[in-house]
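Here are some comments on the model you sent.

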Amino acid sequence: MTHPATLPDTCPLYVDLDGTLTLSDTLHESAMLFVRRNPLNLLRMLAWLPSGKAGFKQRLADAVRPDPAHLPYHEAFVDHLRAEHARGRPLVLASAADARIVREVADHLGVFDDTIGTNAQGDGVNLSRANKRAAIDAHARAHGHTAWAYAGNSRDDLEVWAGSAQAIAVNAPSGVVASLQREQPSAQVFERKPLSLKTVLRAIRLKQWSKNGLLFVPLLAAHSLDPALWGAVLIAFIAFGLCASATYLVNDLLDLPNDRAHRIKRHRPLASGAIGIVPAVLLGAVMLALAFVLAFQVSTAFAVVLLAYTVTTLAYSLVLKRLALIDVLVLSGLYTLRIGAGAVASGVDLSNWLLAISIFLFLSLALIKRCAELEELEDEDRTLAPGRGYQARDLASLRAMGMASGFLSVMVLALYIDSQNSQKLYAHPDALWLAAPVLLLWIMRIWLKTGRRELHGEDPLQFALKDPFSWVTLLVMGGIGLVATVGL
């Protein structure tokens, strides 16, 4: 951080809101909240565009406004403002955002003496660039000041900085900082944290691609070694991964308020403001387009399955995740759909036995996830799960459902072992009986760990990927399948 020449404590500091005080943009935050309320609100916003920027902001703020307590702030800069406020410097929050949003944020932080914001019911002027500079200059003169300082972050703020006695760049791109420092070499800079590849990979949840390994299950179950089929499923795996990452971005965008209230999820890139809403939307759109380009390379039928997955996932993010019991059925169905997608991509006939085992097993895992979340509620003495349809008192019922579902998957496996299907497919089907107690042990163990709060709200499949016992279980199950296929 660079420091400017000092100014008198009486010189007021005017502070921009979006991208400066906060790492996000309140207009984009409001739009996501509005769409989250009802997806058809997107059409309403499009109808508001002809009313101009100020009119659009007013109508959106009439409908919904973000909670200032859950916005991601630039903490180092907020600390600086608190120090300036403590030494008596006048601070004014000046933003092109709707005046009501500006006032609510100022009231929340408690360090600002006044606010300036866009007011469509007043002069109808959108307070950015020259309009903001004129408004700040008029406000300063009305309060007896001939000089003022300004803190901003974007290229639009260059016009405002040009009229200031002191310039502060907060979270600004390097090009903006360079342009500012050519005009005001003593400008103070609160540096922008660069967007890293690691942050992007966290945002698209690359590690969740492991779930798409289920696409290979039909090939394994059919004992197929055809390289062409494995290549087709590999392309399908990438397409599913891109599609899933895009829908994860949508889910996180719609779930921003709940994520920011969660002790772990608030550190996600979108919730923390490490990635902006607009870049996330653009990234998601590109990934979704690439997913369907690859899907059509596999087959039209696979593209249809991927479309069904996309629509279901979006419906889950928008509505279904808030419906108790429906949400876990949808989650288990999405896991099973991956297996079906693998069968379509490879052209392998899908076994009804495999589907039945999958449905019960994945329902058990989905219920584990909900139980882990409700256990966190109990630990925090809360009764309602934010953004979900559950209460803390539902925990016992969900545990019973989840364990029963897990045991049913083992029972279906036992019935399959004794069926004509296994007799035809395996040389030594009786060896598969060893798989039943191994799977039963794994299910009981993960439920035991859930009850002991050892999952910490984590997805059970992600937990299994880091769990040595789960890897040993997988290897043992694979060995049992190999023995059943070829013998000792």
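1. Two strands pair if DSSP finds at least two bridges between them. Strand β2 (residues 91-98) and strand β3 meet that with four bridges, in the parallel sense. Leu93 stands opposite Thr115 in β3. Bear in mind that this is a predicted model.

2. How does the chain get from β2 to β3? The path runs through helix α5 (residues 99-109), and this β-α-β crossover is right-handed.

3. Strand β3 spans residues 114-118. Four of its five residues are buried, so the rest of the structure largely encloses β3.

4. Look next at Lys132, in helix α6 (residues 130-142). Is Lys132 buried or exposed? Its relative accessibility is 5%. The cut-off for buried is under 20%, so Lys132 counts as buried.

5. The side chain of Lys132 has polar partners. Another reaches the side chain of Tyr150, at 3.0 Å.

6. Leaving aside residues up to four places away in sequence, Lys132 touches Asp16, Ala94, Ser95, Ala96, Leu127, Tyr150, Asp157 and Val160.

7. The structure has three cavities of 30 Å³ or more.

Conventions: Residues are numbered from 1 along each chain as its sequence is written. This is a predicted model: local features need pLDDT of at least 70, side-chain atom pairs count only at pLDDT 80 or more; totals for chains, interfaces and linings use all residues. Side-chain values use heavy atoms; hydrogens and water are left out. Buried means under 20% relative accessible area, exposed over 50%, partly exposed in between (1.4 Å probe, protein chains only). Helices (H or I, at least four residues) and strands (E, at least two) are DSSP runs, numbered from the N terminus. A crossover is right-handed if, with the strands pointing away from the viewer, the path from the first strand over the helix to the second runs clockwise. A polar contact is a pair of N or O atoms within 3.5 Å; within protein, one must be able to donate a hydrogen and the other to accept it, and residues adjacent in sequence count only if both atoms are side-chain atoms. Contact means heavy atoms within 4.5 Å. On a 1 Å grid over the protein atoms alone, a cavity is a set of points where a 1.4 Å probe fits but cannot get out, and a pocket is an open set with protein on both sides within 12 Å along at least five of seven lines; lining residues have an atom within 4 Å of a point. Grid points are joined across faces, edges and corners, and a volume is the space filled by probe spheres set on the points.
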